[in-house]
Amino acid sequence: MEVSGDVSRSRVMGSSLLYHRQALWQWVFTRIEPRRVGLKNEIGKTLGNFLDAEKATGKPVKLMRSRTCLRSVKLLFKELTRAFVTQNVLE
């Protein structure tokens, strides 16, 4: 993002960020939250259990979905960096 007083240098890519946030929200809503079609891997189970436990406490569902998105990004980034490190170590 380049933003200054100069109009010619002003570039903000907000729509692409919005698309990715929306895709993440839909992923949590359709693949993590429903138990019968949820992901069967470790991350899917972890996120599904977290979301179910938090919803059971009576907290607002939208807030819990948002926190699940945050947790999923952290877990997925950790997995990505681990895969990247192990790939570079093997080369």
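Predicted model: local features only at pLDDT ≥ 70, side-chain atom pairs only at ≥ 80, totals over all residues.
Is Asp52 buried, partly exposed or exposed, and at what relative accessibility? At 27% relative accessibility, Asp52 counts as partly exposed.

## Overall architecture

The protein chain contains three helices and zero strands. In sequence order, the pattern of elements is α-α-α. Of the 91 residues in the protein chain, 19% are buried. The accessible surface of the chain comes to about 7,200 Å², and carbon and sulfur atoms contribute 61% of that surface. Among contacts in the chain with a separation of 6 or more, 41% are between residues 24 or more positions apart.

## The nonpolar core

The largest nonpolar core consists of six residues, namely Val28, Ile32, Leu39, Ile43, Leu47 and Cys69. Helix α1, which spans residues 14-32, and helix α2 each supply at least two residues of this core.

Ile32 is one of the core residues. Not counting residues up to four places away in sequence, Ile32 touches Trp27, Leu39, Gly44, Leu47, Gly48 and Thr68. Two of these partners, Leu39 and Leu47, are also listed in the core.

With a relative accessible area of 44%, Gln26 is partly exposed.

## Salt bridges

Side chains of opposite charge can pair when their charged atoms come close. The structure holds five salt bridges.

| Salt bridge | N to O distance |
|---|---|
| Glu33 and Lys55 | 2.9 Å |
| Arg35 and Asp52 | 3.1 Å |
| Lys59 and Glu54 | 2.8 Å |

The salt bridge between Glu33 and Lys55 links distant parts of the chain: Glu33 is in the loop between α1 and α2, Lys55 is in helix α2, and the two are 22 residues apart. Glu33 has a relative accessible area of 13% and is therefore buried, since that class covers values under 20%. Lys55, at 28% relative accessibility, counts as partly exposed.

The side chains of Arg35 and Asp52 likewise meet in a salt bridge. This pair also links distant parts of the chain, with Arg35 in the loop between α1 and α2 and Asp52 in helix α2, 17 residues apart. Arg35 is partly exposed, with a relative accessible area of 48%, and Asp52 is partly exposed at 27%.

Which residue forms a salt bridge with Lys59? The partner of Lys59 is Glu54, and the closest N and O atoms are 2.8 Å apart. Beyond individual pairs, salt bridges that share partners join Glu33, Lys55 and Arg65 into one network.

## Glu54 and its surroundings

Glu54 is found in helix α2, which covers residues 42-56. Leaving aside neighbours within four places in sequence, Glu54 is in contact with Lys59 and Met64. Why is Glu54 classed as buried? Its relative accessible area is 17%, and the class requires a value under 20%, so Glu54 falls within it. Its salt-bridge partner Lys59 is partly exposed, with a relative accessible area of 35%.

## Aromatic rings

The count of aromatic pairs comes to zero. One ring does have a charged group over it: the charged end of Arg71 sits over the ring of Phe50, at 3.9 Å from the ring centre.

Technical notes
Residues numbered from 1 in each chain as written. Heavy atoms only, no water. Helix = DSSP H or I, 4+ residues; strand = E, 2+ residues; numbered from the N terminus. Buried < 20%, exposed > 50% of the residue type's maximum accessible area, 1.4 Å probe, protein only. Contact = heavy atoms within 4.5 Å. Areas by Shrake-Rupley, 256 points an atom, 1.4 Å probe, with all protein chains shown as cover. Core = buried A, V, L, I, M, F, W, Y, C linked by side-chain atoms within 4.5 Å. Salt bridge = Lys/Arg side-chain N within 4 Å of Asp/Glu carboxyl O. Phe/Tyr/Trp six-rings, centres within 6.5 Å; stacked < 30°, edge-to-face > 60°. Lys NZ or Arg CZ within 6 Å of the ring centre and 35° of its normal.
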